[in-house]
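Hi,

Here is the structure I said I'd pass on. Have a look at it first, then read my notes below.

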Amino acid sequence: MSDDLFRYVLRLADDHLILGQRLGEWCGKAPSLEEDLALANIGLDCLGQARALFTYAGKVEGKGRDEDDLAFLRPEREYCNALLVEQPNRDFAWAIARQFYFSAFMLPFWRAMGKSTDDDLRAIAAKAEKEVAYHLRHSAEWVIRLGDGTEESRRRMIAALEELFIYTGELFEMDDVALAMVSEGVAVDASELRDEWRRTVDGVLSEAHLTAPEAAYDQTGGREGRHTEHLGHLLSELQYMQRAYPGLEW
Amino acid sequence: MGVVVSDALNPSNVRARRAWDIAAAVPDPEIPVVTLADLGILRSVECDDNGAVIAKVTPTYSGCPATQLIEQMVLEALKRDGFENVRVESVMSPAWTTDWITSEGREKLREFGIAPPVKASNSIRALFGETAVNCPLCGSEDTERISEFGSTPCKALYRCRTCLEPFDYFKCL
C-alpha cells in the first residue's frame with residue numbers, strides 16, 4: 001500500500017515540478033509583459049503544488065527524503081512525470097497547447113480527488129482545483145485567440161495542438177499502481193475523465209474554428225521513467241546547483 | 001469570518017490571546033496595508049501545556065512566494081514580544097478563500113487602490129464568469145481585464161474605462 005501510494009504521489013509531484021520548470025523558462029522571454037507574469041504565476045502554482053506533493057511523498061516513503069531530495073537528487077529514469085509536461089517550448093503556441101491539454105485534465109482530476117480517502121491529497125486537491133481553473137481559462141483564451149487569429153498564429157496553434165496530441169493519452173492511463181490506489185479509495189480513475197476532457201478540448205477548439213486532432217497512437221512510458229530526449233536536458237538545468245554544490249541553500 | 005478565527009479571538013487563556021493580537025497585526029509582506037488577520041491567512045494561535053505558542057497560517061496560493069516570509073515574520077514578531085518557544089505551522093485544509101478577507105481588510109485594499117475580490121468566491125460563476133469589478137479609484141463599473149495574472153499570484157490586472165487608470169484586482173479564489 002505505502003509503496004504504491006508513494007509512487008502515485010510522486011507521479012503527480014513530478015508532473016507539476018517539470019511543468020513548472022518549463023513555464024519558468026519563459027521568464028523574461030514571453031511575448032508580452034502580461035504574459036511573462038502569467039506564465040511565471042502559473043509556473044509558481046505548479047511549483048507550490050509540487051512542493052506539497054513531494055513533502056507528502058517523502059513522508060509516505062519514510063526514508064527521510066524531503067522535498068528537495070526528491071526534486072533535485074534523482075536520476076532521469078526515476079522521474080515519473082507524464083511525457084506531455086516535459087515537451088519543450090518550441091514556440092508560444094506549444095506552451096499554450098501543453099498547458100491547455102494538461103489543465104483541461106487536471107481540473108476534473110483535482111475535483112474528483114476532492115473525494116479521496118487520503119487527507120493530504122484531499123487538502124492539496126482543494127487548493128489546486130481553484131488554481132487550475134484559472135490556468136485552464138487562461139490557456140483556453142489563448143488557444144482561441146491564436147487559433148482564430150492571423151494566418152501565422154493559426155498555423156502555429158494547429159501544429160502545436162497536433163504534435164502534442166500523441167502525449168495526451170498517457171494522462172488517462174491506468175496501471176497497477178493507479179488501480180491499486182483506486183481500490184483503496186485514494187485515487188481517481190483517470191480513464192473515466194477522458195470524455196469530459198474531450199468535451200472541454202472540442203468546445204474550445206470549435207470556438208477557435210479548429211478541428212480537434214485524433215491521435216494515431218499514444219506515446220507513453222513516462223510513468224515508468226522512459227522519457228523523451230527532452231527531459232535529460234531539462235534536468236541538467238534543474239539539478240545543476242544541487243549537483244555542483246551539494247546541500248547548497250539560498 | 002471563518003470559524004477558526006472566531007475561536008482564536010476567544011482563546012481559553014490570556015497568553016494565547018496576546019500572542020494572537022501580535023501575530024494578527026503582522027502586515028502582509030506583498031500588500032503591507034493589510035494584516036495577516038485582515039486577509040484571513042492567520043488561522044489560529046494556541047498555547048500548549050508546556051507554554052509553547054503555535055501559530056497556524058495558511059497560504060493564499062500553493063506557490064505563493066510570500067508564504068515562507070510570512071511564517072518567519074510571525075515567528076519574529078512573537079519572539080520580539082517575549083514569546084520564547086514559538087512554532088509556526090502551515091495548514092492546507094480547509095483551503096484559503098478570498099471570502100475570509102474581513103470587511104475591514106476589503107476596505108483597506110480598496111483605499112490602497114486594489115479592487116477587493118467579488119464576494120462568494122465558491123460560486124462557479126465568480127470563479128469562471130466575467131463578474132463586474134468596480135474601479136477602486138473612481139468606483140466605475142466600466143472596467144476591463146488586461147491580464148488574468150498580475151504582479152503577485154493573487155492579483156489580476158485591470159483597467160478602468162471611465163477614469164482610464166490601470167489597477168490591481170484581488171482575484172477570487
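A word on UniProt annotations before I use one: their positions are given here in the numbering of this model, feature names are shortened, and annotations may be inferred rather than shown by experiment. The one for chain B, from an unreviewed entry, reads "domain: MIP18 family-like" and covers residues 25-88. Over residues 25-88 of chain B you get 28% helix and 22% strand, with the end C-alpha atoms 15 Å apart. Helices (H or I, at least four residues) and strands (E, at least two) are DSSP runs, numbered from the N terminus.

Some housekeeping: this is a predicted model, where local features need pLDDT of at least 70 and side-chain atom pairs count only at pLDDT 80 or more, while totals for chains, interfaces and linings use all residues. Residues are numbered from 1 along each chain as its sequence is written, and chains are lettered from A and ligands numbered from 1 in the order in which they are written.

How far can you trust it? pLDDT is the predictor's confidence in each residue, from 0 to 100. Chain B has a mean pLDDT of 84, and 86% of its residues reach 70 or more. Where pLDDT is low, the predicted coordinates should not be read in detail. For the complex, the predictor gives an ipTM of 0.76 and a pTM of 0.89.

Now the domains. In chain B, 11 residues of domain 1 are in contact (C-beta atoms, placed from the backbone, within 7 Å) with 12 residues of domain 2.

What about the two chains? 20 residues of chain B are in contact with 21 residues of chain A. Helix 6 (124-128) and strand 5 (143-147) of chain B are the elements giving two or more residues to that side of chain B.

One residue to look up is B:Ile101, in the loop between strand 3 (86-90) and helix 5 (103-112) of chain B. Is B:Ile101 buried or exposed? B:Ile101 is buried, because 24 other C-beta atoms lie within 10 Å (20 or more counts as buried, 12 or fewer as exposed, and partly exposed is in between; C-beta atoms are placed from the backbone). Leaving out residues up to four places away in sequence, B:Ile101 touches B:Asp38, B:Leu39, B:Gly40, B:Arg106, B:Pro116 and B:Pro117.

Cheers

How values were computed
Contact = placed C-beta atoms within 7 Å.
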